[in-house]
Protein chains: 2
Amino acid sequence: MQTVTTVAALRDALAEARKFNRSVGFVPTMGFLHEGHLSLVEASRTRCDVTVVSIFVNPTQFGPKEDHNIYPRDFPRDEKLCRDAGVDIVFAPDADEVYPPGFESFVEAVELEKPLCGALRPGHFRGVATVVCKLFNMVQPHIAFFGQKDLQQCAVVRRMTLDLNLPIEIVAMPTVREQDGLAMSSRNRYLSPGERWRALAISRGLFAAEAEFRAGERRVEKLSAIASRHFENVDRLQYAEFVDAGTLRPATSPLSRPAAFCVAAYVGSTRLIDNVIMSPDVGA
Amino acid sequence: MQTVTTVAALRDALAEARKFNRSVGFVPTMGFLHEGHLSLVEASRTRCDVTVVSIFVNPTQFGPKEDHNIYPRDFPRDEKLCRDAGVDIVFAPDADEVYPPGFESFVEAVELEKPLCGALRPGHFRGVATVVCKLFNMVQPHIAFFGQKDLQQCAVVRRMTLDLNLPIEIVAMPTVREQDGLAMSSRNRYLSPGERWRALAISRGLFAAEAEFRAGERRVEKLSAIASRHFENVDRLQYAEFVDAGTLRPATSPLSRPAAFCVAAYVGSTRLIDNVIMSPDVGA
């Protein structure tokens, strides 16, 4: 495994793969890797000849009052996890390499940035779309892998990739969970034992709604009500919405197309998100 | 020469060049080609193995009250000019191919879009940056050629290319002029004979200032005053500004770094732009 920190070194590291037309898989991350990330690495290794993981805590996707500075980092651990997982290239640039002086260009998906987290974190998805576009142009992968936990991020990246004609396939992989159901996230590290326990309300609410959906319930208000009993246990619910899984527009009730039930909630001072997708075609 | 109208056909047409690592030069245009465009084709043919010209009147860079619908078009003539000039591939998509339903992602260079034409044509450079980014990803050229007449466009494209890490060299070629000095532009076609004559005031003003600069004058106010006598003959001067040739910020007087003297003016109902670059290092 090779670790590189500059775009030039990354391109050098990929030159041979390019020359021999090897397929390149890419897993962009903010580091502090967990099994969710590693499932993306595994998917990339299954489908591509060369796997690149980027580790970059992207400042432009954090708001001024958000947790950019305290976001958990452990590069030696990440590097070891990547090596053990069979990653070929780790790309770990610093902020100046990604945003040199004079940088001022941004990419946005205008409509997909508006609902859900976009309404609560102004500029967040502009930062995401911009850094992912940049990383895509640096790595020039054939396939890029993202986690479904970040559903709106997946939608924005998919849209941006299509709209800007980037010749890259976007694959969203299922959310990986702790044994008790909590969606894996680097931010889980912030939770105290008590908070860790209260955080379970999120996945429990989602699963309760999903069970009812599987039993045949299609009315959004009923499914929401079932989940709400669990969501009462978080400290502050930001949203719990059924949206069309593709457009992220409010889902119509009764559900007749694939919908995502998306939640954002604070547990203590930690903001967590999660979702489940309910597809009427395969359900019931 | 091959003419293609879809992204898929374009990629097919370029597949062989890509396979044998031939260099690809790209000249994006809005058609109604003139000698300015053909000088870009010639530059591309000199430096690259394969030359692609796109012909697309991009709707997103026109304001609602601008001339998108009447912008001059003559595809058969353009195609013949391209063939005669030795172009390998003409890419002439329709608007739906470039902007399919659901399209909503945009690229912008925040600061460079603000001055000069950007202040008068809101959204214009966002449309330019977006379509050029898209075309770059469709063609994936090694070098792209633009005319210096569209100085702010060159600056925005250069910035966007650098900021989004597109591995493409941007080359700006000198403005090609009619024998009497008028900068070539597809919009010159709009001018009546009387307007065509009055339009000369623009290049005459710029040349008068340039002559004085060559004679040693460095004070912006003096150079501007000399040009103003000519600019009085246009119907409406929108701006005549000295800006830093790289950042487009107002140039400091006396000039000590390369500056662009940029003009936008209406002659009749036709909006024309032009500029000259004055470089203190080589001047005087």
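Predicted model: local features only at pLDDT ≥ 70, side-chain atom pairs only at ≥ 80, totals over all residues.
How many residues of chain B are in contact with chain A? There are 27, and they are in contact with 27 residues of chain A. The size of an interface is often given as the accessible area lost when the parts come together. Here, the area buried between chain B and chain A is about 2,300 Å². Carbon and sulfur atoms give 46% of that area. Which residues of chain B lose the most area to chain A? They are Glu104(B), Leu164(B) and Asn165(B), and together they account for 27% of what that side buries.

Please find Asn137(A), which belongs to helix H6 of chain A. Beyond its neighbours within four places in sequence, Asn137(A) is in contact with Arg11(A) and Leu166(A) in chain A, and with Asn137(B), Leu164(B), Asn165(B) and Leu166(B) in chain B. Is Asn137(A) buried or exposed? Its relative accessibility is 5%, and since buried means under 20%, Asn137(A) counts as buried.

Let us now consider helix packing in chain B. Helix H1 covers residues 7-19 and helix H6 covers residues 124-139. Their axes are 9 Å apart and the two helices pack at an angle of about 50°. The angle therefore makes H1(B) oblique to H6(B). From H1(B), the residues that take part are Val7(B), Leu10(B), Arg11(B), Leu14(B) and Arg18(B). From H6(B), they meet Asn137(B), Met138(B) and Val139(B).

Next, the interior. In soluble globular proteins, nonpolar side chains tend to be buried together. In this model, the largest nonpolar core has 100 residues. Which residues have the most contacts inside that core? The answer is Leu10(A), Phe136(A), Leu10(B) and Phe136(B). Take Leu10(A) as an example. Leaving out residues up to four places away in sequence, Leu10(A) touches Val4(A), Val52(A), Ile89(A), Phe91(A), Met138(A) and Val139(A).

Ser54(A) sits in strand S3 of chain A, residues 50-55. With a relative accessibility of 0%, Ser54(A) counts as buried. The residues that Ser54(A) touches, again without those up to four places away, are Phe26(A), Val27(A), Pro28(A), Thr29(A), Phe91(A) and Leu135(A).

I turn now to the backbone. Where are the cis peptide bonds in these chains? In chain A, one joins Ser253(A) and Pro254(A), with omega about 0°. Pro254(A) is in the loop between strand S8 (236-244) and strand S9 (259-267) of chain A. In chain B, a cis peptide bond joins Ser253(B) and Pro254(B), with omega about -5°. Pro254(B) is placed in the loop between strands S8 and S9 of chain B.

Positive phi values deserve a look too. Gln140(A), which is not a glycine, has a positive phi of about 50°. Gln140(A) is in the loop between helix H6 (124-139) and strand S6 (143-147) of chain A. Its relative accessibility is 31%, so Gln140(A) counts as partly exposed. Phe32(B), also a residue other than glycine, has a positive phi near 50°. Phe32(B) lies between strand S2 (24-29) and helix H2 (35-47) of chain B, in a loop. At a relative accessible area of 11%, Phe32(B) is buried.

Phe32(B) leads us to Arg73(B). Arg73(B) is in contact with Phe32(B), Val57(B) and His68(B), leaving aside neighbours within four places in sequence. Arg73(B) lies in the loop between strand S3 (50-55) and helix H3 (75-85) of chain B, and is partly exposed at 44% relative accessible area. From Arg73(B) to Leu206(B), 133 residues away in sequence, the C-alpha atoms are 29 Å apart.

Pro115(A) is located in the loop between strand S5 (105-109) and helix H5 (116-120). Pro115(A) and Pro250(A) are 135 residues apart along the chain, with their C-alpha atoms separated by 9.0 Å. Beyond its sequence neighbours within four places, Pro115(A) is in contact with Gln152(A) and Leu248(A). Its relative accessible area is 22%, and Pro115(A) is partly exposed.

Thank you for your attention.

How values were computed
Residues numbered from 1 in each chain as written. Chains lettered and ligands numbered in written order. Heavy atoms only, no water. Axes fitted to C-alpha atoms, helices over the stretch in contact; angles between N-to-C directions. Helix = DSSP H or I, 4+ residues; strand = E, 2+ residues; numbered from the N terminus. Parallel < 35°, antiparallel > 145°, perpendicular 65-115°, else oblique. Contact = heavy atoms within 4.5 Å. Core = buried A, V, L, I, M, F, W, Y, C linked by side-chain atoms within 4.5 Å. Buried < 20%, exposed > 50% of the residue type's maximum accessible area, 1.4 Å probe, protein only. Buried area = accessible area lost by both parts, 1.4 Å probe.
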